[in-house]
Each structure stands twice: as C-alpha cells, then as structure tokens.
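Hi,

Here's the structure I promised to send over. Have a look at it first, then read on for what turned up.

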Amino acid sequence: MKISALIEQRMITYLKKTDNELINLFSKGHTSALDSLLNRYQEKLFSTVLFLVKDKYHAEDICQDVFIKIIETLKNGKYKEEGKFLPWAMRIAHNLCVDYFRKLKRIPFAKNSVDHEVLDTINSSEQNVEEKIITVQNIGKAQDMLEQLPEEQREVIILRHFANLSFKEIADMTGCSINTALGRMRYGLLNLRKMMTGK
C-alpha cells in the first residue's frame with residue numbers, strides 16, 4: 001500500500017475516534033491524532049475568536065496561541081478535562097481574548113471595523129443610500145448601548161446572539177453555571193430595554 005493511501009486510511013480512522021481517544025493516541029506518540037483533533041474544532045474556535053476581536057490577523061494570532069497552549073498542556077500530561085475538550089479549548093480562547101483586550105485597554109467593539117463590516121453586509125441593491133445610513137446608525141446605537149452594560153452581561157449577549165453559542169457553551173467558556181449565564185442574559189436584556197425606552 002502506498003504511503004499516501006496509508007495516511008488517508010489513518011485520517012479516516014481518526015475521524016471515527018472520540019476526542020479522548022485522539023488525546024490518548026497523541027500521548028502515545030501519534031502526532032497526527034492531534035492534527036485531526038485540532039482540525040475538528042479549528043473553525044469553531046476561529047469564528048468565536050474572530051467575532052470577539054473583530055480582526056482577522058489578531059484572531060489568527062490568538063488561535064495560534066490557543067493551539068500552542070493545548071499542545072503544551074497535552075505534552076506535559078496536564079490535561080484533566082476528560083470528555084470536555086471543546087469547552088476547555090474555548091475557555092483557553094476566551095482567556096486569551098480577555099488578555100488581548102486588557103493589553104489594548106479597550107472593550108471588544110472596534111467601531112470602524114464593525115461599521116465597515118455593516119456596510120459590506122448591507123451592500124445590496126434593494127437598499128437605497130438613506131436606508132443604509134439608517135441601518136448603520138441603528139447598529140451604532142445598539143453598539144453604544146451594549147458598551148454601557150456591565151462586562152459580564154455584555155459578554156453573554158455577544159456570545160449568545162452574535163457567536164450563536166448555547167447557554168451551556170457560554171457557561172463552560174466563561175466558567176459560570178448555566179443559571180448564572182441565563183441570569184446575566186436576562187439582566188443584560190432588561191438593561192438594554194431600559195436604555196431603549198429612555199432614548
């Protein structure tokens with residue numbers, strides 16, 4: 001059997017393995033098992049980080065750091081999250097995003113990049129210039145209101161409505177219970193409603 005066929009066969013076998021099985025294989029020296037595991041969640045991790053940092057290049061850097069941390073932890077035999085690889089990886093990504101914003105000393109809303117994305121998104125023939133301006137202004141107002149929320153409430157709303165994560169995933173990622181995540185969401189929406197009513 002040719003080497004390329006053997007590699008292909010091994011990759012197909014890896015696809016059928018659970019996360020823990022792949023981690024065990026990696027710990028026994030099968031480096032391609034880790035490649036398969038990281039490929040499994042690469043897109044989800046990247047899209048979440050990209051949504052939070054709003055910058056493709058910074059998101060790529062952060063994801064690179066996430067993978068380095070994962071590899072180092074697994075190599076050193078310090079991984080203890082059996083059956084919970086994705087939430088664990090998401091927590092690492094989340095923490096690195098928090099570090100990124102601490103370094104920048106700003107919150108995760110870069111107005112210029114968001115406005116640029118909005119203009120790209122609504123660049124359709126059905127909308128005239130006036131409608132486009134109103135849409136951008138409304139999104140800008142919503143953004144301003146989100147920025148006024150306490151950080152924990154804002155974070156849950158972003159992860160739920162924009163990153164499309166479940167409350168379980170949000171709870172795992174932010175290190176709180178599902179009830180706490182639900183509570184933060186509820187209070188965040190109530191606060192937004194109050195601001196909207198006030199304006």
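What percentage of the residues in the chain are buried? Buried residues come to 36% of the 199 in the chain, where buried means under 20% relative accessible area with a 1.4 Å probe, protein chains only.

Before the rest, a word on where this comes from. This is a predicted model, in which local features need pLDDT of at least 70 and side-chain atom pairs count only at pLDDT 80 or more, while totals for chains, interfaces and linings use all residues. Residues are numbered from 1 along each chain as its sequence is written, and side-chain values use heavy atoms, with hydrogens and water left out.

On the overall layout: the chain has 10 helices and 0 strands (DSSP runs, H or I of at least four residues for helices and E of at least two for strands, numbered from the N terminus). Taking contact as heavy atoms within 4.5 Å, 55% of the contacts between residues at least 6 apart in sequence join residues at least 24 apart.

Now the helix pairs. Helix 3 (residues 31–53) packs on helix 4 (residues 56–75) at an angle of about 140°, with the axes 9 Å apart. Axes here are lines fitted to C-alpha atoms over the stretch in contact, and angles run from 0 to 180 degrees between N-to-C directions. Helix 3 and helix 4 are therefore oblique to each other (under 35 degrees is roughly parallel, over 145 roughly antiparallel, 65 to 115 roughly perpendicular, and the rest oblique). On the helix 3 side, the residues in contact include L45, F46 and V49, and on the helix 4 side they include I62, F67 and I70. By class, that contact has 14 nonpolar, 2 polar and 2 charged residues (nonpolar is Ala, Val, Leu, Ile, Met, Phe, Trp, Tyr, Cys and Pro; charged is Asp, Glu, Lys and Arg; the others, Gly among them, are polar).

Helix 2 (residues 19–27) also meets helix 3: their axes come within 7 Å and cross at roughly 145°. The residues of this contact split into 8 nonpolar, 2 polar and 2 charged.

Leaving aside residues up to four places away in sequence, I62 touches V49, V53, A93, L96, C97 and Y100.

Cheers

Methods. Buried < 20%, exposed > 50% of the residue type's maximum accessible area, 1.4 Å probe, protein only.
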